[in-house]
Amino acid sequence: MATVITVRGPFAFMRRLVSARLHRHCCSKVQAACFVSQPYSYSLVAGQQHRFFRTSYVAARPVMQFKLSDIGEGIMEVTVKEWYVKEGDKVSQFDSICEVQSDKASVTITSRYDGIIRKLYYDVDSIAFVGKPLVDIETDAGQVEGPQEDVVETPAMSQEEHTHQEIKGHKTQATPAVRRLAMENNIKLSEVVGTGKDGRILKEDILHFIARQTGAILPPAPFQEIRLPSPEAVAPSTPAAKPKEKMTPPSIPTPSIPKPVFTGKDHTEPIKGFQKAMVKTMSAALKIPHFGYKDEVDLSQLVRLRSELKGLTESRGVKLSYMPFFIKAASLGLLHFPILNSSLDDNCTNITYKAAHNIGLAMDTSQGLLVPNVKNVQMLSVFEIAVELNRLQTLGAAGQLGTADLTGGTFTISNIGSIGGTYAKPVILPPEVAIGALGKIQVLPRFNHKGDVVKAHIMNVSWSADHRIIDGATMSRFSNLWRSYLENPASMVLDLK
């Protein structure tokens, strides 16, 4: 029977002892010369049976603090609007972590590492500060190579990639992970038809494109993103109506108005997000001496032209409103009066004339007043402006307008008439020097050139200009030119480029 030898000693000593004995035991299997009795080789069981303590070491996975880095524009704090992950979720590089909102735009924060989310530092609607942790991510040791910035926002595209994403005003929507997959496979996103919401390109779209790619670059299909149902598909499966029967127009649902909730108590909440930006912007705007100018425009011919083109644009998947015509007419007018497309420095000593016509559209959203702008209107057709407006309005309704959409404006038009009202007193958005507010289109009696009373579609416009550098005559001449383009839309053809 085996004789048991009891060894007493500290645990740390015993662990080193057992580790040394295991090391020598392993060496004996590899090289016979290693099997030599050593003075400090202790066997815990004497005889033919040999047992040893076994110790296992598990390498600790590092936990990285994912900090909020500088997202530009001098932003020092943001509001956490939505978390895309929770504690315990696995994430990969470029996966969306959360959406934050500054006083300028909404930004999607993406992961730099592969790992597991261990801690969320903020609740929804909490304020996160630049340089402070957002989440803790447990990562593999191989991913940590040294100090580096921990947080990235949705990465900006390079100039070459940007040309791939935007062709003739058609911009693509895709997550950073999808863009990375396309870049790795040398695929232009502008050539991929998105099947996601609002034409967003999904990972499956990229994989499908790769599967059917034959080596030749496929022609772009910008109008295949939105497919209109055929009349047969829309028509209900009921017997055909008699030719003499008059079809009843579909009833328009009455918009539901939420009932007011009366609590009977005062409450205080901090000003944040876009409302905070509005406070800052309007405070600076009202330091500008405003000059006001109002006029009315007869849109009767434009109303007929839009009704003729509306079906064609809808067949291409684009909704055509009057706003693309208003914006294009303004751009044509700015070519003749470039001072309205300029900016004045803080000391009022220099005027910068802007080459690009980045015309903003004041937009009423659930987040408050937002003013995205259509870039380089002077280079776009009316249809291309309509495409871009559709994109901006979709993103605005979803609260997903980015910094690039909300910055860089040079001239603004506010369509207050879409809500109601005839006249307005628009406030200039610095560093711009002019803004226009459009009233609602009304059917009113007017005299034609023969002196007869006719039905006319009348819209009122209210202009505000920086009276430090713009006089009344300049504003009036610009307004007259802009009005002439809209009252006779055919005249726009002569100046289009």
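Asn 358 lies in the loop between strands β14 (351-353) and β15 (359-365). Helices (H or I, at least four residues) and strands (E, at least two) are DSSP runs, numbered from the N terminus. The structure is a predicted model, in which local features need pLDDT of at least 70 and side-chain atom pairs count only at pLDDT 80 or more, while totals for chains, interfaces and linings use all residues. Residues are numbered from 1 along each chain as its sequence is written, and side-chain values use heavy atoms, with hydrogens and water left out.

- Asn 358 is buried, with a relative accessible area of 9%; buried means under 20% relative accessible area, exposed over 50%, and partly exposed in between (1.4 Å probe, protein chains only).
- Beyond its neighbours within four places in sequence, Asn 358 is in contact (heavy atoms within 4.5 Å) with residues including Asn 373, Lys 375, Gly 408 and Phe 411.
- The C-alpha atom of Asn 358 is separated by 8.9 Å from that of Asn 341, and these residues are 17 residues apart along the chain.
- His 357 is found in the loop between β14 and β15, and His 357 counts as buried at 4% relative accessibility.
- With neighbours within four places in sequence left aside, the contacts of His 357 include Ser 331, Asn 341, Val 377 and Thr 410.

**The aromatic cluster**

- The structure holds seven aromatic pairs; rings of Phe, Tyr and Trp (its six-membered ring) pair if their centres lie within 6.5 Å, and planes under 30 degrees apart count as stacked, over 60 as edge-to-face and the rest as tilted.
- Phe 411 and Phe 478 form an edge-to-face pair, 5.8 Å centre to centre with 65° between the planes.
- This pair links distant parts of the chain, 67 residues apart: Phe 411 is in strand β18 (residues 411-414) and Phe 478 in helix α11.
- Phe 411 is buried at a relative accessible area of 0%, and Phe 478 is buried at a relative accessible area of 0%.
- Trp 463 and Phe 478 also form an edge-to-face pair, at 5.3 Å centre to centre and 75° between the planes.
- Because Trp 463 lies in strand β21 and Phe 478 in helix α11, their pair ties together parts that are 15 residues apart in sequence.
- One aromatic cluster is formed by Tyr 322, Phe 326, Phe 337, Phe 411, Trp 463, Phe 478 and Trp 482.

**Strands and sheet**

- An open sheet of four strands has the order β1-β8-β6-β3, with antiparallel pairing; two strands pair if DSSP finds at least two bridges between them.
- The edge strands β1 (63-67) and β3 (90-91) each pair on one side only.
- Strands β6 (residues 115-120) and β8 (residues 133-139) run antiparallel and are joined by five bridges; Ile 116 has Glu 138 in β8 as its bridge partner.
- Strand β5 (residues 106-110) is largely enclosed by the rest of the structure, because four of its five residues are buried.

**Helix α7**

- The 16 residues of α7 (residues 300-315) should span 22 Å at 1.5 Å a residue, and the end C-alpha atoms are 24 Å apart, which agrees; the expected span is 1.5 Å times one less than the number of residues.
- The buried residues of α7 are Ser 300, Leu 302, Val 303, Arg 306 and Thr 313.
- Just after α7, Gly 317 takes a positive phi of about 85°.
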